Amino acid sequence: MTEFRNFIAGSWSEGASQSPNINPSDTRDVIGTAARASRAEAEAAVEAAHAAAPLWAASTPQQRFDVLDRIGTEILERREELGRLLSREEGKILAEGSGEVMRAGQIFKFFAGEALRQTGDVLASVRPGVTVDVRREPVGVVALITPWNFPIAIPAWKIAPALAYGNTVVLKPAELVPGSAHALAEIISRSGLPAGAFNLVGGKGSDIGPVLTSHPKVKAVSFTGSVPTGRGIARACAENLKKVQLEMGGKNPMVVLDDADLDIAVAASLNGAFFSTGQRCTASSRLIVTEGIHDRFVARMTEALKKLVVGDALDPATQIGPVVDERQLAQDLDYVDIARGEGGKVAFGGERLNREKPGFYMAPALITETTPGMRINREEVFGPVASVIRVKDYDEALAVANDCEFGLSSGICTTSLKYASDFKAKAQAGMVMVNLPTAGVDYHVPFGGTKGSSFGPREQGRYAAEFYTTVKTAYTQP
Ligand code: ADP
């Protein structure tokens, strides 16, 4: 049986207890056992990161480049193998699994380059003869808490900038996906980093999470996950004056206007709402459609949904894998019932499916005749469930799109430059997509949202430096 262990101060350990890692496509398939760290081990990981911090902070840009570049190279070389492991434990299809691994490799490569490109400012002082320089320094020990839906890309987009800017790391991945985190840690363990600069602790967030968010030696916490957990982490960090960065939920609108290219609108909505089993914080869960195109759009979506192959994530013919676990599946089915109860019409899907192998399969659900106030249009489902809201015109579409407590990604399908430009300016979201799915982003530009979706500085691209560095202003009189 494969063991997914903890990595603390340069050594591997089995943890205080273990939990099984189950394949959601076939629950008889136990992929391995995952180490659950005790609180003492989580503390030891923080101490190790703290001890390694001065050494790694003093590393040269070349050393940082070499470490990150090596990690990126190995990830890219092993993308099929690691993608398969990822798909086996998370349930996204093979193409998405290896695509995500490739993304993780590209992120390490990008931040390898960023390590060489760190700059500061030199200014003349307002006082004669004095110069001022502004430089970026590492924050220190950062705790990275990650969810199950992107088991390697999200750890990568936090670890790579953390290390590139000279910080040391304690990673706490989600319990459902220990294999990908372990594989990543194993690659990092051979990259030339000093012992203790990177640590991995597995286990229950409610148990060891608070150790990380309250430990005085942790200087910053970057979290991706649910809204209630994120808010709890923000409170803990405020108490201890830590920097905090939160990426949480979404209820992302996809506006389809009468003048849209229907092929593009259907392809973007199908991808955005249902690919990766809808388990993306950027998923298009509200399809806001103007009345002139509404019926044609719904008919085409229903037709396309009928053809989607739902099944074993490891079968190359599959287009939609299983839901990640029983609890999430129950939540998805519940929301279909809630929507029905509120007056929505289930135009397609929404039921549990039986396949040859026992797994958490669900028919992707399209719910029509919904209105903006319904719970299905206000709460994040995090599954293959999308609702359609019929609106009169662009102005109403924009108002409905923005009538939401989240603000991660907003999409519009239109051939009108006027509406596209207006939407880019007025959409209340951190990311706006024109004739593209709300999900699916580049790795070299900022990622993040507004309103209840995100808190703190942006992730990814050069903007990641805001979170992973602190600024020092130095005055010199020669
Ligand atoms: P999800 O429902 O997507 O699993 P969660 O917010 O529950 O989202 O989990 C995201 C990450 O946060 C996971 O790694 C989880 O273990 C961790 N976590 C859960 N509770 C806490 C907590 N109280 N403190 C810190 N981390 C936590």
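**Aromatic contacts in the predicted model**

In this predicted model, Lys92 is positioned over the face of Phe150, at a distance of 3.8 Å from the ring centre.

Contacts between aromatic rings were then examined. A search of the whole structure identifies 8 aromatic pairs. One of them joins Phe110 and Phe111: the ring centres are 5.0 Å apart and the planes meet at 90°, so this pair is edge-to-face, a class that requires planes over 60 degrees apart. Phe110 has a relative accessibility of 15% and therefore counts as buried, since the cut-off for burial is under 20% relative accessible area. Phe111 is likewise buried, because its relative accessible area is 1%.

Phe111 also pairs with Tyr165. The centre-to-centre distance is 6.4 Å and the angle between the planes is 75°, an edge-to-face arrangement. Phe111 belongs to helix α4 (residues 94-116), whereas Tyr165 is found in the loop between α5 (153-164) and β9 (168-172); the pair therefore ties together parts that are 54 residues apart in sequence. With a relative accessibility of 4%, Tyr165 counts as buried.

These contacts belong to a wider group. Phe110, Phe111 and Tyr165, together with Tyr443, form one aromatic cluster.

Definitions and conventions. Residues are numbered from 1 along each chain as its sequence is written. This is a predicted model: local features need pLDDT of at least 70, side-chain atom pairs count only at pLDDT 80 or more; totals for chains, interfaces and linings use all residues. Side-chain values use heavy atoms; hydrogens and water are left out. Rings of Phe, Tyr and Trp (its six-membered ring) pair if their centres lie within 6.5 Å; planes under 30 degrees apart count as stacked, over 60 as edge-to-face and the rest as tilted. Buried means under 20% relative accessible area, exposed over 50%, partly exposed in between (1.4 Å probe, protein chains only). Helices (H or I, at least four residues) and strands (E, at least two) are DSSP runs, numbered from the N terminus. A charge sits over a ring if NZ of Lys or CZ of Arg is within 6 Å of the ring centre and within 35 degrees of the ring normal.
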